[in-house]
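Subject: Structure handover

Hi,

Here is the structure for you to look over. My notes come after it.

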Amino acid sequence: MYPIKQATLTCLLVIIQLSLFSQYKLTDNCEYAWEAIIDLKFADADSIIEVELVSNPNNYYCTYLRQTSEAFQFMINMSDDAYDNISDNYEERMNYLEGNDIESPYYLSCQAEMQLQMGMFNIIYGDRLSGLKKAFNAYNKTYKNIEKYPNFNQGYKLDGIFNVAISNMPPFVNWAITFFGVSGSYVEGYRILEKYFKNCEGTTGIDAEAALYNILAFKLNKDPKSAYEFINTLDSNYLNLTLLKYFQGNVAYRLEKNEEAYDIISSIPVQQDDFYFNSYNYMMGKILLRKLDTNCRNYFSVYLNNQKELQYHKEINYLIALSYLMEDNLENFERYKQISEDKGNEISERDREAVCDYDRDFIPNIYIARAKLLILGGYYDNAEKELRSFKYSLPKYSSNSPFELEYNLLKGRIEANTGNPLQAQELYGRVIEDGGEENYQFASEAAMLLGLLLETKNAQLSIDYFKLARKLYKSGYYEYIDEISKKKIEELKSA
């Protein structure tokens, strides 16, 4: 054989071999790596990926999986150094994937997810325009891939998330919806993600990730009830995985099931092999605060010391301030309220709620503050005692004062949660009547709560109250009042 022909044949054989192995392959190892990621065993996930690359050294799915594993770690423990590292790795990995195995349905799907992750991180770190551009590119890739591969189940994961996310854009990026010409429906998002999960069931690791995406969609849409119901349909094996167990506790916390949340979160070790799960401190501190346990401050302090990125600093410092207010320690209340104002950013909704709190033109009443925390924890009997103490205390307040308005609002919440809807309706109505002209959120929130109370009894009256909640809503109030009211109006009208 002539040397030139032999060399050509050798090159062809190499190309054929590379084409067989240089591709996106969701192997058993990749599935096991996914399960390790959801269990926060990132070192195990890295080891499994290494094993996979021994067998399939050019499996591009591993590149996506490594970036996603780092993204999960970064979302839990953010820092400037970690941001620089994941940014560099993202660029390198995107360049590596570019133009390779472009006919695989995973090609655009994996790149889209990596872009969305990095776009979110850019926004959190202040580079909003770059982040939004990446998110928009991810959006385009997602729907281009669906058009090309309509039967590819993995392609619908981001379809569901985009539908829910676009329905819940925070105020500072609302303009992007119009500018980029995107649209979404959380109802459609729910449907897509439910189907996605059902199609993933039985696929190790991938099914756990699909369950996580459903839970995150419910949380993103401020729908903890649906998240709780979904979690209760899951096999117990899912809830043995740390991240799913964490969100099980988080959802219980959101639904005023504080003791259930405490039992779940306290069973999670803060040290996950080589990974420190700082979110444990975040949740445990908040759970203890609702029990009026000042030991919450220890967890909050540890969390802040380990949370180098400034997200949630406003929220947690204001919660520390509240913990001192519970003890009638006004000096430290004012001190940490000022720290909350001075530190952190306003990217997360929890931080923006802290801004609403420290911007109030009055110091919360100790009994009212304690009662609110207890109600949020589901401790209604103890909350009732605090409200009675408020009524017996001096001075007495006018019916339109913020203290009296919040008293009636909280009393209404207790009645609504203890089987007395008529009394709750009367109390909420009183808040609207006395506080409708005042520059406090209580009347707007009372109208929203009345809408929720009447939702299954009188749809039209419920709509009227949700409309009233929106009419009374002003900038500087908790955003969930307007957002929930808007969605409920749409739901009830389309029912």
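Below are the conventions, then the findings.

This is a predicted model: local features need pLDDT of at least 70, side-chain atom pairs count only at pLDDT 80 or more, and totals for chains, interfaces and linings use all residues. Residues are numbered from 1 along each chain as its sequence is written, and side-chain values use heavy atoms, with hydrogens and water left out.

Helix 6

Helix 6 covers residues 105-124, 20 residues in total. Helices are DSSP runs of H or I, at least four residues, numbered from the N terminus. From first C-alpha to last, helix 6 reaches 30 Å, close to the 28 Å expected at 1.5 Å a residue. That expected span is 1.5 Å times one less than the number of residues. Of the 20 residues, 17 are buried, so helix 6 is largely enclosed by the rest of the structure. Buried means under 20% relative accessible area (1.4 Å probe, protein chains only). Ser104 caps the N-terminal end, with a side-chain oxygen 3.1 Å from the backbone nitrogen of Tyr106. Gly126 follows helix 6 and has a positive phi, near 95°.

Helices 25 and 26

Helix 25 (residues 442-453) packs against helix 26 (residues 459-472) at about 160°, axes 8 Å apart. Axes are lines fitted to C-alpha atoms over the stretch in contact, and angles run from 0 to 180 degrees between N-to-C directions. The pair is therefore roughly antiparallel (over 145 degrees). Residues that meet (heavy atoms within 4.5 Å) include Ala447 and Leu450 in helix 25, and Tyr465 and Phe466 in helix 26.

Best regards

Technical notes
Helices (H or I, at least four residues) and strands (E, at least two) are DSSP runs, numbered from the N terminus. Buried means under 20% relative accessible area, exposed over 50%, partly exposed in between (1.4 Å probe, protein chains only). A polar contact is a pair of N or O atoms within 3.5 Å; within protein, one must be able to donate a hydrogen and the other to accept it, and residues adjacent in sequence count only if both atoms are side-chain atoms. Angles under 35 degrees count as roughly parallel, over 145 as roughly antiparallel, 65 to 115 as roughly perpendicular and the rest as oblique.
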